[in-house]
Amino acid sequence: MLTAAVDGLLDSGLRDLPDGEIVDVMRAMEQSLRRAEAVSHRLVVESVERSLPASLGYNSPKKMLIEVLRISGADASARVTAARELGVWHTLSGDPMPPALPETAAAQCDGDIGVDHVRAVAKVMRKIPHAVGNDAVAHAEAVLAHLAREGTPEDVEQAGHRLLAYLNPDGNLGDDRDRKRRRGISIGRQDTELMSRISGELDPVARALLDPILAKWARPGMNNPDDPDSPTGDGENPSIDREVLAAAAARDTRTAVQRNHDAFSAVFRTLLESGVLGRHRGLPTTVIVTMTLEQVEKAAGGLATTATGGLLPIEDALALAEDAHPVLVLFDHTGRPLHLGRRRRLASADQRLALIAADGGCTRPGCAAPASLCAVHHVTDWHKGGHTDIGGLTLVCDACHAQVNDGTAGWTTRSAPEHSTHAGRTEWIPPPHIDPSRRPRINHRHHPGELIEHARGQVGVDSG
Ligand SMILES: [Zn+2]
């Protein structure tokens, strides 16, 4: 019967149909196909109740469907599952049993809902906790089937979230633990283009906090670094000229993800400028950039270093510093020119800045810890008469500091003597088990230029 009907439809001319009737035919066709799905379920149920798969040599109905119909494994699984949930099965004595999802099955037999609607309803029903009573479960299924008859599968999915929250108001403890475990943001190392990959997952609270920020700061026309006339900050600030913003939005060719990125950048800058972040290791929380005076004069080429161990093209560092507030530029010194000489145990902010410029990071040979992870320590122990002069201070990370001691396995530190190659820098003297001759070493990690110079010297190239 179906074959004859399809033959007729394939042969019939559509050219003469008015527009309205094309839409009517589409709708009628969809309804028939949906009802045909219910016929499919009946066939699956019939084949399984007759044990056809086994007698044809298949160990499951799914395997039979794959071979007989040449359909995918996923499709076959879905059809068997749907037949189980919507089909009318029989007891051993032959009495019909109501379908597991009776209202959904009825909606499909009427042709009101399709395969995706059914999948959406079944997905919600599977998530209803076992503790929920039978009546409530039956009611939920009726509500979802009713929604499915009037909306799209997405509508059912959306409503399902709410229905589940209603049936299980305390939430699922396991899920909450899962969210706590999964939350995280990882920020990758800078690659050769100096770009950093971020990835991770936000919990619902972080997401709720982020969305309104992006809605305003990432809207087209706002915070566009490629457009000097683009307004900065919050897109709904009354001081922003509506017409200027509209014009900037019309010129804005950034993608949505690029606008998000620029919003992050603008938000972070504003946060640093606001001062709410307080101080970090005695200094205002800010971007601290180190470069040489020569680099500033050229204003191009080369990289500046941040106190957190990042790299920044000189042009970008200078552009950041132009806006002054969140950026502090230091100039690195080869020696230790500042002799502030305060007789205090704690290093002052000035001294810390001078050390960031001079040391760049932890001074223990081979350690890569940036200045932001270091504390200021006395090159000679304060108790033994060490000065709080800048010349008597050095940056050391906590792990390395633990290795400085008077024991047989401990390192000792001193200032490199005058007239030596790296006069004034902190020298680390290894314990005998690392170097029996105990030759002092300095850390070149935060002064990559020195290593390059050294290598050029080794291969006999004139360093110019
Ligand atoms: Zn270290």
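User: How are the donor residues of the zinc ion spaced in sequence?

Analyst: The spacing is C-x4-C-x29-C-x2-C. Keep in mind that this is a predicted model. The donors are the SG atoms of C362, C367, C397 and C400, at 2.2 to 2.3 Å from the zinc ion.

User: What makes the arrangement of the four donor atoms around the zinc ion tetrahedral?

Analyst: Four donors count as tetrahedral if all angles lie between 85 and 135 degrees. Here the angles are 98 to 117°, so the arrangement is tetrahedral.

User: On to the helices. Why are α6 and α8 called roughly parallel?

Analyst: Helix α6 (residues 102-109) packs on helix α8 (residues 134-150) at an angle of about 20°, and the axes are 8 Å apart. Angles under 35 degrees count as roughly parallel, so α6 and α8 get that label. On the α6 side, P102, E103, T104, A106 and A107 make the contact, and α8 brings E141, A142, A145 and R149. By type, that contact has five nonpolar, one polar and three charged residues.

User: And what makes α8 roughly antiparallel to α9?

Analyst: The axes of α8 and helix α9 (residues 153-167) cross at roughly 160° and come within 10 Å. The cut-off for roughly antiparallel is over 145 degrees, and therefore α8 is roughly antiparallel to α9.

User: Which residues make that contact between α8 and α9?

Analyst: From α8 there are A136, A140, L144, L147 and A148, and they meet V156, A159, G160, L163 and L167 of α9. Gly counts as polar.

User: Is the crossing of α8 and α9 left-handed or right-handed?

Analyst: α8 passes α9 in a right-handed crossing. The crossing of α6 and α8 is right-handed too.

Definitions and conventions:
Residues numbered from 1 in each chain as written. Predicted model: local features only at pLDDT ≥ 70, side-chain atom pairs only at ≥ 80, totals over all residues. Heavy atoms only, no water. Axes fitted to C-alpha atoms, helices over the stretch in contact; angles between N-to-C directions. Helix = DSSP H or I, 4+ residues; strand = E, 2+ residues; numbered from the N terminus. Parallel < 35°, antiparallel > 145°, perpendicular 65-115°, else oblique. Left-handed = near helix turned anticlockwise from the far one by under 90°. Contact = heavy atoms within 4.5 Å. Donors = N, O, S within 2.8 Å, 3.2 Å for Na, K, Ca; no water. Tetrahedral: all angles 85-135°; square planar, octahedral: opposite > 155°, others 65-115°.
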